[in-house]
Amino acid sequence: MLSELDSLKTAALAALDAAQDESALEAVRVNFLGKKGSVTALSQGMKDVPVEQKKEVGAKLNEVRTAITEGIDTKKLALQAAQDAKAVEGIDITLPGRPGAGVGALHPLTQIRDLAIRTLRRMGFALAEGPEIETEWHCFDALNTPADHPARNEKDTFYLPDGRLLRTHTSSVQIRTMEAAKALPIRIIAPGAAYRRDEIDATHLSVFNQLEGLYVNQDVSLGDLKGTLEYFFREIFGAGTAVRFRPHFFPFTEPSFEIDVKLEAKGKDARWIEIAGCGMVDPAVFTEVNKARGDTLFDPETTTGFAFGLGLDRLAMIMHGITDIRHLIENDVRFLQQFAA
Amino acid sequence: MQVSLSWLSTHLDLSSYTIPQLSDLLTFAGVEVEGIEERGVATDKVVVAQIQSFEQHPNADKLSVCQVDDGSGTPRQIVCGAKNFKAGDKVPLALPGAVLPGGFAIKEGKLRGVDSLGMLCSGKELGIGEDTGGLLIMAADSPVGTPFNQLNPADVLFDLEITPNRSDLLSHLGLARELAALTGLPLKGERHHANSSTKAKAAAEEQIVIKAAEACPLYTARIIKGVKVGPSPEWLRRRLESIGLRPINSIVDITNYVMMEMGQSLHCFDLNKLNGGIVVRMAAEGEKFLALDGQTYELKTDDLVIADSHRPVAIAGVMGGEETGVTESTVNVLLESAYFAPSGIRRTSRRLGLSSDSSYRFERGIDPQQVQGGSELATKLILSIAGGTAEDVVQVAGAAPALVGEVTLDENRARKLLGTPDMTGDEIHAILEKLGLTKKSASRHESHWTIPSYRLDLQRPVDLIEEIARVIGLDRVPSRQVAVASPVDAADRTYDFAMGLRQSLAARGFFEAQTLRLIADAQLADSLGGGQGVAVKNPLSEDHTTLRPSIVPGLVATAALNIRQGLHRLRFFELGRVFLTLPKGGSREEERLAVLLSGPVSPTSWHGREPQPADIHELVGQIQNLTRTPIEVRPAKENSANFLLTSELRAGNRILGWIAQMHPARAREINARHPVYVAELLLSALRQGSTGPTKFEELPRFPGMTRDVAMEVPADLPHAKVAAFFATQKHPLFVGAEVFDVFADPTGTKMAKDRKSIAWTLTYRSAEKTLETAEVDAAHSAILTALEKTLPATVRR
C-alpha cells in the first residue's frame, strides 16, 4: 500500500505538471482526491491495514494527499499568474489617452478677472454691482461730469429712447454703492461691462470690461491709494514690477493719476504700459451723493476715499500678448483652448 | 496739441534739457507726450554746397562722382546715388563728423574704390519732409557754405495731450509758463502778453452791442485800416507749418499765430463787408449761416452769433462767415478779441458737429484777463506785416467775468489727503508760489492764495492739493496699506456661485464664450426664453442695435464661426447679463447661463468608431448634473421659428430656464453637421436651490429590496406622467422608482406603432428592519394595482 501511495503521488504530480488550464486541474483533483478518486479509494482501505502499520500508512496517506492538494494550489496560482500576464499583453501604453468628455476652458477674460478679484479680495475688497443701463445722473452728473461735457453726447455714448444710457464706465457703481451704503467704510470692487460708441477694430470694442474699485473712510490718503495699487499690480505682474503714477485728469477724482507698469515685451526692451486710472474721490462727488441720500454720511470735510478703474480686456491682452482685441469676442475654439489651464 | 520746441524756446531757455528729460518733465506734470518728432539737423556740419560737375562712377552704374563747392575754396569729391540734380544746383552737404537724425554718422570713405568726403542729402535724411527720391534741391540764392540749420532751423515737435482742466496749457506761452514753474527757469519777461498798453474805450452802442451778456461777457474790437493782405513772411509761415497749420494770408495767419502763442482766439472781419456795428446776440430759430468751411448751418436760439445789422457774420468762438472773411482784397479789418462762456460754445459746437481750434479753447475756458492783450499783440503784428493804421483805442463792451480769485488751504488737510504728514508749510508754500499763486496771508495751518487768472481750474482747496501732488509726485508719498474686513455681500455670493458653474462646465469639456451684449435685429430670432431686448437709440451699425434679451444668439454666432473653421463637435457656454424691456416701460437686467451643444458625445479618438452625436437628453443630463436638483422638463405649447422641442425647465414651482433644439432649417443655415441643442438658465433660480449648508440625512440601516416592472403604455404617454405617479405614492415601504428601459418599434413589427414598453425599478425599504419578501411583494402589488388604475398602462406580470 505504501508503494501504491508513492506511485499515486508520482502520477498525480505528473498529471498536475501536464495540466494547462483550470479544468485540467479540476480533473486531476477529481481523479485523485474526488469521492471516487484513487487516493480516496486507497484511504477507504485503511480499515484493512494491520494495526501496527496503521500509523505509518496513515502518515503516508496524509503526506500524499497534502502533496497533491498543495500541488493543485501551486499550479492554480501559476496558471492565474500566466493568465494575468496575458491580460495586458499587446497593450501599447504609449497610445494617447481617451478624451472622455474633452477639455473645456474658461475664457481668458474670466481668468484674468478672477485673478484680479481674488487678489483684491485678499485685501479686503467686497464685490459690488450696478445696472448697465444707467441714468445720466449716475453715470455723469453724480461723477462731477457736467451736462455739456464732451463725453455726454450721442456720438460717443449709447442712449436709449427714454433718456437713459449704457454706462460708459463702471464708475457709476461707485455712486450706486455710496447711495445704498449704511455706514463707512466702503471697500468695494465692481467688475462689469461698459459701453462706448466706438467702431470695433483691433484695439476697440463697443462693449468692453472694466474693474472699478472704491475705498471710502475717514482719513483715506493718497498713500493708501499708492500702497494698494502697487501691491495689486505686483501681485498680478510679479513682485519686482515697477509701477508709476502719472498725474492726469478725471472729473470725479482729484488728484488723479494714470498708472503705468513696466513690462518686458518679447524681444524688446521693457517699456511703460498704461494700465489703469485712479485718484482721490473728488469732494463734489460726495456732495452729490449726500444730496441724493438726504444725509451727510459722506461729509466732504471729513470723508476721503480713493477710486480706480482698469480695463480687463486690455489687461488680458497685455498678460497674454494678444494682438487683436476681437479675439476676445469671437470665441474661436483655436483661441479659447490655448487658455485651458 | 502740436508744440514746437523752438517756439517754446522763445519764452524760456530749455537748452540745458535733453528731449527725453523734457518729455519726462511734461509727463510727470500731467501732460502726456503722445509723440516726439525731430525735424531738421542740429549740427553745423551740414552746409549748403553747389554741384560744380559730376561724372559716371567707373565701377557702379547707379553712382555719380561729384565735385562740389562747400564754401572752403577747395573742391570736394562726393560719391552720390541720386539722379535728380544738375551742375550748378545747391544741395545740402553733410561733412565728415556730422550726425544726421536717427544717429547716422558721416565719415570719409571710399565707395566702390572712389573717395567720398561726405554725403549729399535728401530732405528725408535731414528730417524735414518725405522721401522725394533724390537730393533736396535748395533755393538758387542759398549762400554756399552756410550751415543748413541757419536756413532751416532744427526743431522738435511734441504731440501733447492736454487734459480738459488745463486750458491754460493750450498755447506756447502757457506751456512755457508751466515749464518755468517746474524747472525754475526764468520766463523771458517781455513776452508776457497779458497786459495791453492801448487805451480801452467803452464802445458806443452803434459800434458794439452785447445782447447776450451771459454767453459773451466781454467783447472788444480794434479797427485797422489800409492793410495790404498777402502771403505771410517766412518766419510766420514756418511757425504755423511747424505745428501743422496751413498758412492762408497774413491777417488770418496772425490771428492763428496769436492763438497758438498765447491761447487767445481772435477773428478778423473784412470791415467793408460788415453792415453797421457788431451785435452779439443769440441766433434766431432756424437762422441760416454760411461758414468759412463752405457749409451752411441752421442755427437755434441757444447758439451765440456775432452779427452785423443784417445777418450773423460768425458763430461766436466757433467759426467765422464766408462772406465777411479776410481775403487778399481786404483793406480794412475789424479785429475781434472776446471772452465767450465755455458751456455755450460747447453746446453749439457739439450740436453742429463743428469743432475748430478756436472752439476747442473757448469751450475749455480762456484767460479772461488776456483778451485785450491778444488784441494788442495781433494789432502790432498786423501793422508790421500788413501795414495800415490802427485806431488808437480798442472798443470794449462788457467786462471780464469775475473769477474765483482766492482759495484758502487747510494745510493739515492737505497733508492728510496726500499721506505726507512730514510736509512743511514752507514746502507747500514754495510749490504754490512756483506755480504762480500769490500768498495773501498765512497762519499756522492755513494759507490764503490768490489764483492767477489763467488757472481757471483752481477754485477749491482740493484743487490746490492736486497741484501739490502733481509737483511732488507719488515718489514722495509713502505707500500705505490698511486691511479692512468686508462682509460678504449678495454680489460676492453670486460671483462665487457663477464661478463654480463656469468651472464645472469647463471641467465637463465646455468652452466659455464671451459675446457682445449688443446684437443685430436679425439675431433676435435666436433668442430663448421670450422677452424683448432693449433697443439702443443711436446704434453704431446694424450689427449692434439691441441689448440682448438672451445669450443664445451670441452662442449661435459662436457656433457658426467655429463651424466655418471646420469644427462640428460644439460645446459652449456663456454666463452673463441679458436685458428685458418691461411691459410698463423701463427694463430689467438679469444674469443667465446659456449652453450650446452639438455633435459627438465625446471627441473622436483612435479607439473605436465615431462616438454617437449628442441628443437632447444629453443636454438635459448636463443641466441635471450641473444643477444637482431634479429637473422637470415641461414642453412649451409653441415653438418660435428657429426652434423645436422648446421646453421649460422647472424645479418645483421655480422656472429654471428653457431648453430647445435648433430648428433643422436654422441649423442648415449655419452649416451644422449635427443637431444643435441650446438651453438658457436663470442664475438667480439656480442659486435659490443651493442656499444654506446641506443638512445631513441618516444613512439607511437596513438593506432595501428592488422589484422591476415592465409595462406597455400608449406611445405618447410622457415619462413625466409616469414619474409623477411614482412620486405621489405614499406606501410606507416604497422609497422611489427609476426608469431603466424605454422601447418602441416605429416599424410596428415587435410592438404596435402606437404603443411603447417601459420598465422601472422600484425600491422598498423599512427604517426598522430588514424586509421579508412577502412584505415587499404585497407593497409592490398594491402599487402596481394603483398604477394600472391611474395610468393607461398594462403591467406585464
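Modeller: Domain bounds come from an automatic or database domain assignment. Here, that assignment gives chain A domain 1 (2–87) and domain 2 (108–339). This is a predicted model, in which local features need pLDDT of at least 70 and side-chain atom pairs count only at pLDDT 80 or more, while totals for chains, interfaces and linings use all residues. Residues are numbered from 1 along each chain as its sequence is written, chains are lettered from A and ligands numbered from 1 in the order in which they are written, and side-chain values use heavy atoms, with hydrogens and water left out.

Biologist: How many Å separate the centres of domain 1 of chain A and domain 2 of chain A?

Modeller: Taken over C-alpha atoms, these centres are 88 Å apart. In chain B, the C-alpha centres of domain 2 and domain 4 lie 57 Å apart.

Biologist: How many residues of chain A are in contact with chain B?

Modeller: Contact means heavy atoms within 4.5 Å. In this model, 96 residues of chain A are in contact with 81 residues of chain B.

Biologist: What area do chain A and chain B bury between them?

Modeller: Buried area is the accessible area (1.4 Å probe) that two parts lose on being put together, summed over both. For chain A and chain B the value is about 7700 Å², with 56% of it on carbon and sulfur atoms.

Biologist: How many salt bridges does the rule find across this interface?

Modeller: A salt bridge is a side-chain nitrogen of Lys or Arg within 4 Å of a carboxyl oxygen of Asp or Glu. The rule finds twelve across the interface of chain A and chain B. One salt bridge joins A:Glu132 and B:Arg517, whose closest N and O atoms are 2.9 Å apart.
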